[in-house]
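Please open the structure in a viewer and keep the selection tool at hand.

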Amino acid sequence: MILPADAMQVSQQQIEQFKKLPAAQQEALAKSMGVDINTIRKQLSQSDSSSSAIEPTGSYPRGTKFDAQGNPMFPEQDEAEEDELIKELKPFGYEVFANAPQTFAPTMDIAIPADYIVGPGDRISVQVFGKENREAELEVTREGTIIFPSYGPFNVAGLTYADMTRLLKAKIKEKVIGVEVIIGMAELRSMRVFVLGEAHKPGPYTLSSLSSITHAIFAAGGISEIGSLRNIQLKRAGKLIKTLDLYDLLIKGDSSDDMLLQSGDVVFVSPVGSRVSIEGEVRRPAIYELVDSDDFQNVVSMAGGLLPSAFAKSTIVERFSQQSLRSVINVDLSQPADLAKLVQAGDEIRVLKSSSMFDKSITLLGAVSRPGKYQWHQGIKVTDILKGIDSHFLADADLNYCLVIREIDLAKNIEVLQFDIVKALSSSASQDNIELNSNDKIVIFSRLSKMTTSNIELDNLAYTQDELTRKEQQLAKDSYKTKQFWEKYGDEESIEAFTLEQQAAAETEKLLKQSIEQMTGGELEEEVDIQQLALFSRQRLLIPIIEKLKQQGRAGAPIQLVEIDGAVKFPGIYPLTINAKVDDLVVAAGGLTESAYLAKADITRNKLQNKSVVKESLGIDLGKALQEDGTENIKLISKDRLNIHQIPAWSENHVVELRGEFVFPGKYTIRRGERLSDLIEKAGGFTSFAHQEGSVFTRVQLRELEQQNLLKLTADLRIEMASKSLSDTDYSQSYAEVQKMLADMAKVQPVGRLVVNLPNVIEENNYDILLEDGDVLYVPTKKNSINVIGQVQVTSSHIYDENLSAEDYLAKSGGTKKRADNDRIYIISANGSIKMMESANWFASDASSNMKPGDTVVVPLDAEYMNNLSLWTSATTIMYNTAVAIAAISGI
């Protein structure tokens, strides 16, 4: 149905779209919109007439489009950004004149120059005062005279403004004694000139008599793209009067050749001459027009000169050869001889950028207050850069393990030196106070290895003392309740320290990327999740160093890497530093843990024997090695692996928690091999209200195993559903439903419950359980209820009655539903064990004796009524409800 003409208003944007469509498509589109096509066509004609009647006002760049109301339509922002990315060179100077107004109306209230030539049409003001007072405005006639009543005619045409002023004053004073005369220009004549050639809009123009050559060019809308800026001719009566080079005006600001025009003058814009382009490290890259005598010095001057970053010694010039082929020549723009060479038409000059490498510098990065580049001079040492611990290091800096990365040849191969900044600051003569070479890199590590959850979340928050108000602090505390963070950053002074760390991290990140590019020749192949690492950890800062050392490895030059494992704080692979020994490697790994065994450690070493490599094991006394015993503290070689053993039978403090109805519930530290019955006895046993049959025993290891199984189940289900969607034509589940089901499964939290018969644990030694760290035993208060869940009419709980059977409790819940699977009804005992009703003979005459307080009757869904996907969905729901039921029973 076509709506009336006034039922829908068609916007101007829609009108513009209609204009671009053929007639058939216009009719189809109008029909789909419910608009009469005749109404739209009427609006189209009105739009065309209105747009032709409205003239744009103001000064806009050439090529600007205007809408029907005369408003300029500028390109979209994304188009401007795209043009910025292209950065195509443009001819120089044309945009100055392209911004000219469409009509030229020069300002008339300016001072008249002394050399202005008076001519017919000018109006001259004459004021006489003194003995006589007279005032008149006199127009210069076509004969070149002005007629002043009572004083006679005066011939002024062809005189300059200064000469005319002197003449009139003298003539009037001759005729009348005792008067003063003031001469001025009341109105200037207009004149007609021609702007021809390669102007934007060539033709005749009427201008003010004070107009110059550039005024005429502005009046004509500027110069076209093929017009010359350096060869603009002024012709008068068929003769060449002046040639204007606009580069003198645009580059030097010299307007001395911009002559005033006279009526009948012709401004002729010649076609553009030879051009040359220059780009790269110059201040004004563009395409420039040449004259015959231009050399490289002139082109560089036109481009505003070279930037400080320019590599002038090897400037590339692409030029057409005599065979009309492209050729490349190199020009040294730092030499006067090369600057004096003439450029040729079509030359493309590319000034390259200097290297980003630093000369005679020291790079400092890592856990320091002010990372960055520092000046190098002969004899400079580490303590000249790092002068104090409090003023130069962050709070988490590892002061015992610091590295100097040194380039050893022109191929930028490196060697690594290790030092202890504490020893270096303690004595300037210490061997740890290393004398630095040019381009050395000093790396300071953090004692942190991995971030806490709070650090990960707050890593991208650029907190400053001004931005973080008290209210924001409280909000942040509510969002990130992590003890480690607020102990470190909880007050304003600590927030300032945190801000300092963030700034240092940003600078180190930039320097680290530069180091990766310099040492490895590009980006690393393996992505590193830096959010999982501390800002200045060993893992993060050692990556480019280890990669570079791996690349250096070759025949006769083994890879300078060693490995340490075992009872150290940061096991892993480390650079083999110069003259490194066992104690140096232990320091690199952050030192020993408290469980380290000092009497013995093993070094596994590769040894060449009978043209093959065999593994050799060296045993050392670690305690003596750390005391710098020369026999035990042996020197390390490539690919050595140091293994630090743990003290035999070492055990950390393992904590087990007892909850619920114990005489002394709480957390207990257990010894290795301790059993559950021993711990219960230590806690004073159970209270008289304890429901031992309903106990819940959870273990961390089982919870992790359940989580893995749940993830595997989710993956298997995803594959099953994908397969079914391809093979089953009746598959009707939407993608959103499938994703929601998988998301619900992922939300299921595993309990990690171990089914335990607690009375048997107390009474039978063979049934006892060895305790592990993190175990929790919960003994609830005695319960007197039976739960019924699943496919029953009403999910409910009932008071326990020893005379009632499971069938009776099902009847109390309304009985089973139509889709219930009556053959597979099962019961979850209070202790977590499960029994099928048939196997337990629940419907026999003595079935009531098998039901105990706290038991749960579960009625599953019959799979025959549902397709596989619905079955999986319901199974997931039942599993989830079962977990909730178990939690309700156990009280967790």
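Two strands are said to pair if DSSP finds at least two bridges between them. Helices (H or I, at least four residues) and strands (E, at least two) are DSSP runs, numbered from the N terminus. This is a predicted model, in which local features need pLDDT of at least 70 and side-chain atom pairs count only at pLDDT 80 or more, while totals for chains, interfaces and linings use all residues. Residues are numbered from 1 along each chain as its sequence is written, and side-chain values use heavy atoms, with hydrogens and water left out.

**The sheet.** Begin with the open sheet of five strands, whose order is S29-S28-S32-S30-S31, with mixed pairing. Select residues 666-670 for strand S29 and 753-754 for strand S31; these are the edge strands, each pairing on one side only. Next, select residues 696-698, strand S30, which pairs with S31 in the antiparallel sense over two bridges. Within this pairing, phenylalanine 697 has leucine 754 of S31 as its bridge partner.

**A loop residue.** Proceed to asparagine 765, in the loop between helix H25 (758-763) and strand S32 (776-779). Is asparagine 765 buried or exposed? Buried means under 20% relative accessible area, exposed over 50%, and partly exposed in between (1.4 Å probe, protein chains only). Asparagine 765 counts as exposed because its relative accessibility is 67%.

**Salt bridges.** A salt bridge is a side-chain nitrogen of Lys or Arg within 4 Å of a carboxyl oxygen of Asp or Glu. The structure holds 28 salt bridges. Select glutamate 674 and lysine 682, whose side chains meet in one of them (3.1 Å, N to O). Glutamate 674 is buried, at 2% relative accessibility, whereas lysine 682 is partly exposed, at 42%.

Aspartate 602 counts as buried at 16% relative accessibility, and lysine 600 as partly exposed at 39%.

For the next selection, take arginine 659 and glutamate 657, which form a salt bridge with their closest N and O atoms 3.2 Å apart. Arginine 659 is partly exposed, at 35% relative accessibility.

Finally, select Glu318, Arg326, Glu348 and Arg350, which a network of salt bridges links.
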